[in-house]
Amino acid sequence: MLLTSADHERIAAAVAAAEAKTRGEVVCVVIDEASPYPETPLAWAAFGALVLPLAGLALLKVTAALRHFDAPGGWGLRKPRLRMRRCSPP
């Protein structure tokens with residue numbers, strides 16, 4: 001990022017105006033990157049380690065409930081299969 005002389009003058013004027021209102025000293029620093037943020041991947045890993053097991057457990061509970069309700073005699077939507085046998089008259 002290149003600054004022109006007009007940019008330098010504007011920044012110097014803004015710093016002088018800010019310093020006139022305070023007792024502190026204002027320092028302007030221009031850099032390419034503020035931080036590589038090394039903690040971001042660690043935060044995502046911690047989030048995944050906490051949330052993904054809970055999501056997996058919830059999924060297991062739902063699939064187990066669905067298997068129970070679809071079982072014969074359960075609450076499934078399938079109609080029971082009837083078996084017919086021919087009986088001889090008494």
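**Exercise 1. Find how many aromatic pairs there are, and describe the geometry.**

Step 1: Rings of Phe, Tyr and Trp (its six-membered ring) pair if their centres lie within 6.5 Å. By this rule the count is 1 aromatic pair.

Step 2: Trp 44 and Phe 47 are the partners, 5.9 Å centre to centre with 90° between the planes. Planes under 30 degrees apart count as stacked, over 60 as edge-to-face and the rest as tilted, so this pair is edge-to-face.

Step 3: Both residues sit in helix H2 (residues 39–70), 3 residues apart, about one turn of the helix. Helices here are DSSP runs (H or I, at least four residues), and strands are runs of E with at least two.

Step 4: Trp 44 is exposed at 61% relative accessibility, while Phe 47 is partly exposed at 47%. The cut-offs are under 20% for buried and over 50% for exposed, with partly exposed in between (1.4 Å probe, protein chains only).

A note before going on: this is a predicted model, where local features need pLDDT of at least 70, side-chain atom pairs count only at pLDDT 80 or more, and totals for chains, interfaces and linings use all residues. Residues are numbered from 1 along each chain as its sequence is written, and side-chain values use heavy atoms, leaving out hydrogens and water.

**Exercise 2. Locate the salt bridge and say where its partners lie.**

Step 1: Look for a side-chain nitrogen of Lys or Arg within 4 Å of a carboxyl oxygen of Asp or Glu. The whole structure holds 1 salt bridge.

Step 2: Arg 10 and Asp 7 form it, at 3.5 Å from N to O.

Step 3: The two are 3 residues apart in helix H1 (residues 5–21), about one helical turn.

Step 4: Arg 10 is exposed at 61%, whereas Asp 7 is buried at 19%.
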